[in-house]
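Have the 3D view open as you read.

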Amino acid sequence: MFSLLLTQTSSLFTMGEADLRQFVFNGEKSTPWFVMFGGASCPACQNAAPEFVKASQDASGFARFAYSDVASCPNISRELKIFAIPAFFLFTQEGRFQYTGSRTKGGMIAYIAEKISEGLE
């Protein structure tokens, strides 16, 4: 169900380690990336997925969203020190930031908007 939910939207990318390195870590970040790291058999990830998808749809144009299964990116998971999933990170021109707020569409969008506005100050 989790992967089916994620593939039903065009505003959300599914990425492995190579894609994350190319587009998120080393790519152009004038439009930030908000990435959910999860796992196919993770109940908390399955619970967070619908809100993540809704946020990706509502944030279209001011942030790009991606999902990555930690099993497909073990090096990045270690680099980001991901010890529990789901884990959410925002990648901007100013750096990368771990999001630990509520797993709701509103919480995610508010966090992204706050970090974007901080970069404009």
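## Rings and their neighbours

The charged end of Lys115 sits over the ring of Phe97, 4.5 Å from the ring centre. To count as sitting over a ring, NZ of Lys or CZ of Arg must be within 6 Å of the ring centre and within 35 degrees of the ring normal. Arg21 lies over the face of Phe25 too, at 5.4 Å from the centre of that ring.

A quick word on the source: this is a predicted model, where local features need pLDDT of at least 70, side-chain atom pairs count only at pLDDT 80 or more, and totals for chains, interfaces and linings use all residues. Residues are numbered from 1 along each chain as its sequence is written, and side-chain values use heavy atoms, with hydrogens and water left out.

Now for rings meeting rings. Rings of Phe, Tyr and Trp (its six-membered ring) pair if their centres lie within 6.5 Å; planes under 30 degrees apart are stacked, over 60 edge-to-face, and the rest tilted. That gives 12 aromatic pairs, including these:

| Pair | Centre to centre | Angle between planes | Type |
|---|---|---|---|
| Phe52 and Phe88 | 6.0 Å | 50° | tilted |
| Phe88 and Tyr99 | 6.2 Å | 80° | edge-to-face |

Phe88 lies in strand E4 and Tyr99 in strand E5 (residues 95–99), so their pair ties together parts 11 residues apart in sequence. Strands here are DSSP runs (E, at least two residues), numbered from the N terminus. Phe34, Phe52, Phe65, Phe88, Tyr99 and Tyr111 form one aromatic cluster.

Terms used:
Helices (H or I, at least four residues) and strands (E, at least two) are DSSP runs, numbered from the N terminus.
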